[in-house]
Amino acid sequence: MEFLVYLVLGGFAGTLAGLFGVGGGMIIVPVLVYSFTLQGFAPEVLTHMAVGTSLATIAFTSVNAIRAHHLKGAVRWSLFLWMALGIVFGTVLGAMTAAVIQGAILQKIIGVFAIAVAIQMAFDLRPKASSDVPGKPALTVAGGVIGWASAIFGIGGGSLTVPFLVWRSVPMQQAVATSSACGLPIALAGAASFVWTGWAVTPLPDWSLGYVYLPAMIGIAATSMLFAGFGARLAHRLSQQLLKRLFALLLVGVGINFLM
């Protein structure tokens, strides 16, 4: 029964990710927190498990997105390579940072971030290109910061990477495509780090690999990969402005709930 819930969650997350162009982590982490709470997971570990499991699922779902963008020639691999260097280091550091934050406080941090993303989506706030494409050192530093934050929030980093690249004069289509590529090292390094930081932690439920809960990872990854394409097709038939505002309301609700 629990596995069926994760299959449904994966389909829901994949559809919303395709509809709104944001990583599934923004949906997966809050729902997993609620699900793990109902399943009776220990309060001190369930938030970390939601974040670690979310990152593990992104490792699967990002592959399809990268392939699609690469076939269109939209990924700026020269930018990706230097950002990836910082991303791996920053993501490991972010996982270690999350490991020392109490679960209740981590939920509040995620809640604030959810509200910030909601405001950005509701008002379509985007930075204007104001400087040249960054050099290698700047890309690596930016990757480190993005990886660090993404590991704490359990996301693929799109809500951070895209604005940064657009600000540094990368065209939107290429920024989105390159951001999708950056999601893979974030997910791989993040999931591995959460496995490591949670390896000796107790009490963890059965079928856990550190802070990654395998049944949830498998169920969510299986259906989110299928439904992301459905969401993308559906997006072309519905009002993007209305959809983003509705999703922003959902995120505000999640954020307020986490802050209470």
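Q: In which helix is Ser224 found?
A: In this predicted model, Ser224 is found in helix H9, which covers residues 214-235.

Q: Why is Ser224 called buried?
A: The relative accessible area of Ser224 is 5%. Buried means under 20%, so Ser224 is buried.

Q: Which residues is Ser224 in contact with, leaving aside its neighbours within four places in sequence?
A: They are Gly10, Gly11, Gly14 and Thr61. For each of them, contact with Ser224 means heavy atoms within 4.5 Å.

Q: Why is Thr178 called buried?
A: Thr178 lies in helix H8, residues 172-197. The relative accessible area of Thr178 is 0%. With the limit for buried set at under 20%, Thr178 is therefore classed as buried.

Q: What does the side chain of Thr178 reach at 3.1 Å?
A: It reaches the backbone nitrogen of Arg76. A polar atom of the side chain of Thr178 also lies 2.7 Å from the backbone oxygen of Gln174. The cut-off for a polar contact is 3.5 Å, and the values for Arg76 and Gln174 are within it.

Q: Which residues is Thr178 in contact with, its neighbours within four places in sequence left aside?
A: Thr178 is in contact with Ala74, Val75, Arg76, Leu79, Phe80 and Leu165. Leu165 is one of the buried residues of helix H7 (residues 158-167), with Thr161, Val162, Phe164 and Val166. The buried residues of H7 pack against helix H4 (77-99), helix H6 (136-153) and H8.

Q: What makes Pro185 count as buried?
A: Pro185 has its place in helix H8. Its relative accessibility is 12%. Buried means under 20%, so Pro185 counts as buried. Leaving aside neighbours within four places in sequence, Pro185 is in contact with Phe80, Ala84, Ile87, Val88 and Gly190.

Q: How many residues apart in sequence are Pro185 and Thr57?
A: They are 128 residues apart in sequence, and their C-alpha atoms are 13 Å apart in space.

Q: Why does Ser169 count as partly exposed?
A: Ser169 lies in the loop between H7 and H8. Its relative accessibility is 33%. Buried means under 20% and exposed over 50%, so Ser169 counts as partly exposed. Phi of Ser169 is near 70°, a positive value in a residue other than glycine.

Q: Why is Trp207 called exposed?
A: Trp207 is found in the loop between H8 and S1. The relative accessible area of Trp207 is 66%. Exposed means over 50%, so Trp207 is exposed. Trp207 has a positive phi of about 65° although it is not a glycine.

Q: What makes the peptide bond that joins Thr202 and Pro203 cis?
A: Omega is about 0° for this cis peptide bond. Pro203 is placed in the loop between H8 and strand S1 (208-209).

Q: How many cavities of 30 Å³ or more does a search of the whole structure find?
A: The search finds one. The largest cavity holds about 50 Å³ of space. The elements that give two or more residues to its lining are helix H2 (25-38) and helix H5 (103-122). H2 supplies the largest share of the lining, four residues.

Q: How many nonpolar, polar and charged residues does the lining of the largest cavity have?
A: There are nine nonpolar, one polar and no charged residues. The lining includes Gly25, Met26, Val29, Pro30, Ile110 and Phe113. Gly counts as polar, and Met, Val, Pro, Ile and Phe count as nonpolar.

Q: Where does UniProt place the feature "transmembrane region"?
A: The unreviewed UniProt entry places it at several spans, including residues 145-167 and 179-199. In the model, residues 145-167 are 83% helix and 0% strand, with end C-alpha atoms 16 Å apart. Residues 179-199 are 90% helix and 0% strand, with end C-alpha atoms 30 Å apart.

Definitions and conventions. Residues numbered from 1 in each chain as written. Predicted model: local features only at pLDDT ≥ 70, side-chain atom pairs only at ≥ 80, totals over all residues. Heavy atoms only, no water. Buried < 20%, exposed > 50% of the residue type's maximum accessible area, 1.4 Å probe, protein only. Polar contact = N/O pair within 3.5 Å; in protein donor to acceptor, adjacent residues only side chain to side chain. 1 Å grid on protein atoms, 1.4 Å probe; cavity = no way out; pocket = protein on both sides within 12 Å on 5 of 7 lines; lining within 4 Å. Points joined across faces, edges and corners; volume = space filled by probe spheres on them. UniProt positions renumbered as here; feature names shortened; annotations may be inferred.
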